[in-house]
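Here are my notes on this one, as numbered points. Have the chain open beside you while you read.

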Amino acid sequence: MSDKYEMTIGIECHVQLATKTKLFSGIDNDARDKEPNACVSPGDYAIPGTLPVLNEAAVGLAIRGGLALKGKVNLKSRFDRKHYFYPDLPGGYQRTQFFHPIIGEGEVVLPNGNRVGIHHAHLEEDAGKLTHFGDYSLVDLNRAGTPLIEIVSHPDIHSAEDARLFAEELWRLMTYSGACLGDLYHGNMRFDVNVSVAEKGAKELGIRTEIKNINSFRSIERAAAYEFERHVALIENGEAVKRETRGWNDATGKTTGQRSKETADDYLQFPDSDVPPLNLTKEYVDEIAAKMPKLPQDYRAVFREAGVADKTIETLLDHQVLAERLGQVLEITDMKITIKVANLFVGTLLAEENSGLNYRAASAERLAELAKMNEDGELSSTATKQVLVALYNKNNGEKLTKALAKEMNLLQENNDAALGAIIDEVLADKAAASAIADIKNGEQKAIGFLIGLIMKKSQGKANPGRARELLLKKIG
Ligand code: MN
């Protein structure tokens with residue numbers, strides 16, 4: 001039934017800018033461990049006579065975020081008042097850029113190649129927070145005045161999976177650019193997902209519903225998939241989809257209606273007379289652009305070219321430091337070594353037991369050395385993983401990889417003379433006699449038994465491949 005229909009999704013995302021202070025005052029912007037209403041300026045209480053002063057750092061971060069979206073930076077933008085009455089907004093209006101946003105058209109390319117247009121991104125202040133207890137509610141204004149950019153996508157997304165991919169890529173773009181700290185648990189990024197459903201090929205979109213305030217990638221995908229099925233069921237039953245705002249419940253896996261939107265909201269927007277228009281110079285924007293770091297899509301392209309598996313790349317890209325490091329490894333070595341380091345990052349360094357290590361600790365040189373030692377048979381794969389973790393131990397930071405491997409007694413025995421002596425000892429032992437006879441009779445299984453003895457005698461340092469070659473030569 002569902003394949004008769006297509007879903008269309010547009011996403012709005014509120015991104016908390018990583019400034020020290022609020023958008024219009026010098027009050028601390030980080031209220032995570034603070035008492036309610038501890039980080040509040042008279043302006044956040046809307047005390048008459050207070051005046052806003054625009055935070056330049058927020059403007060700079062908004063531009064960085066915009067550039068990461070390949071967005072056009074508008075040299076002229078302006079703040080407006082968006083009026084609504086709600087207890088978390090003492091002034092009765094939110095300062096936001098309604099008519100002239102700072103960032104214009106942009107684009108995000110998903111890992112699967114699909115493109116999502118960005119309509120615009122505007123600067124605005126956050127409202128406070130209400131907590132409801134039975135028949136009363138408490139107001140906390142710590143978050144009031146926090147600088148945000150609201151990113152508004154075009155309705156270019158047509159699957160629940162792409163909705164998640166878009167949100168994940170936005171998170172990377174905002175954190176790589178430094179615009180946002182990306183702490184989803186504390187609501188640093190909040191997604192509103194607009195879903196509509198129509199028959200495939202239909203000229204007009206269906207009635208849309210908006211699922212508000214989702215802050216996990218997985219929930220975005222689940223919520224969009226749920227809404228699609230809900231719309232299809234309504235349409236198939238001949239019922240109308242109601243235009244409304246809905247909430248997502250992670251526990252039940254369902255959306256529920258919150259507020260119907262029979263008519264368009266009327267917020268009575270008009271220019272804020274207290275904040276002068278923002279006039280940027282081209283030089284100011286160019287200076288910021290010159291300092292932009294490499295973005296996920298830049299790394300994705302070079303790592304794919306080097307032959308790193310797509311799944312490995314996407315896992316790595318969630319860690320900007322590791323992406324940066326792998327880029328440096330690629331610059332000083334070849335593709336084979338780079339792929340090995342990428343696999344070590346994902347298979348070992350990002351494994352749960354190693355989480356919490358400082359991913360900056362090991363330099364590209366040390367990592368390349370490690371992969372090369374594994375490549376040359378000087379370290380077994382198990383030993384390579386042990387040395388990798390040791391490289392991230394702060395006491396080993398400056399040591400050469402080889403010295404560290406030696407100190408850990410993990411270097412494989414590749415010296416033929418030394419290895420030959422060990423093999424001779426093993427062969428001379430009575431325990432080996434029947435195995436030697438078996439091998440001479442063509443029983444391959446016995447080779448493994450002898451290699452086991454050699455590994456034991458060498459305390460795990462023999463290179464098993466080379467040991468096998470020498471062993472067979474000696475048995476003849
Ligand atoms: Mn908004």
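1. Let me begin with helix 10. Helix 8, helix 9 (364-375) and helix 11 (401-407) are included in what covers its buried residues. Helices here are DSSP runs of H or I with at least four residues, strands are runs of E with at least two, and both are numbered from the N terminus. Contact means that two C-beta atoms, placed from the backbone, lie within 7 Å. As for burial, a residue is buried with 20 or more other C-beta atoms within 10 Å of its own, exposed with 12 or fewer, and partly exposed in between, the C-beta atoms again being placed from the backbone.

2. Before going further, a word on the source. This is a predicted model, in which local features need pLDDT of at least 70 and side-chain atom pairs count only at pLDDT 80 or more, while totals for chains, interfaces and linings use all residues. Residue numbers run from 1 along each chain as its sequence is written.

3. Back to helix 10 (residues 381-391): which of its residues are buried? They are Ala383, Thr384, Val387, Leu388 and Leu391. Because these buried residues fall within an arc of 140 degrees when seen down the axis, they line one face of helix 10. The arc is that of the directions from the helix axis to the C-beta atoms.

4. Helix 5 (residues 296-305) can be read in a similar manner. Pro296, Tyr299, Arg300 and Phe303 are its buried residues. They span an arc of only 105 degrees around the axis, which puts them on the same side of helix 5. Ala301 and Glu305, on the other side, are exposed. The packing partners of the buried residues are helix 2 (160-176), helix 6 (310-316), helix 7 (320-332) and helix 8 (335-349). After helix 5 comes glycine 307, with a positive phi near 95 degrees.

5. On domains, the chain splits into domain 1 (2-284), domain 2 (294-407) and domain 3 (416-475), with bounds from an automatic or database domain assignment. Between the C-alpha centres of domain 1 and domain 2 there are 36 Å. Their contact takes 8 residues from domain 1 and 7 residues from domain 2. On the domain 1 side, helix 2 gives the most, with 5 residues. By class, that side has 5 nonpolar, 1 polar and 2 charged residues; Ala, Val, Leu, Ile, Met, Phe, Trp, Tyr, Cys and Pro count as nonpolar, Asp, Glu, Lys and Arg as charged, and the others, Gly among them, as polar.

6. Now the cores. A nonpolar core is a set of buried Ala, Val, Leu, Ile, Met, Phe, Trp, Tyr and Cys residues joined through C-beta atoms within 7 Å. The largest has 55 residues, and Val15, Leu17, Ala62, Ala163 and Val193 have the most contacts inside it. Among the elements that each supply at least two residues of this core are strand 1 (5-16), helix 1 (56-68), strand 10 (189-199) and helix 3 (217-236). Helix 2 provides the largest share, 10 residues. Apart from this core lies another, of 32 residues, including Phe303, Ile339, Leu349 and Ala405.

7. Asparagine 213 is not a glycine, yet has a positive phi of about 55 degrees. Asparagine 213 sits in strand 11 and counts as partly exposed, with 13 C-beta neighbours inside 10 Å. Leucine 268, also not a glycine, has a positive phi of about 50 degrees. Leucine 268 is in the loop between strand 13 (254-260) and strand 14 (270-271), and is exposed, with 11 other C-beta atoms within 10 Å.

8. Finally, the overall picture. The chain has 15 helices and 15 strands. Its radius of gyration, taken over C-alpha atoms, is 30 Å, well over the 23 Å that the globule rule gives for 476 residues, so the chain is more spread out than a compact globule. That rule is 2.2 Å times the number of residues to the power 0.38. Along the principal axes, the C-alpha atoms fill a box of roughly 95 × 55 × 50 Å. Of the 476 residues, 37% are buried.
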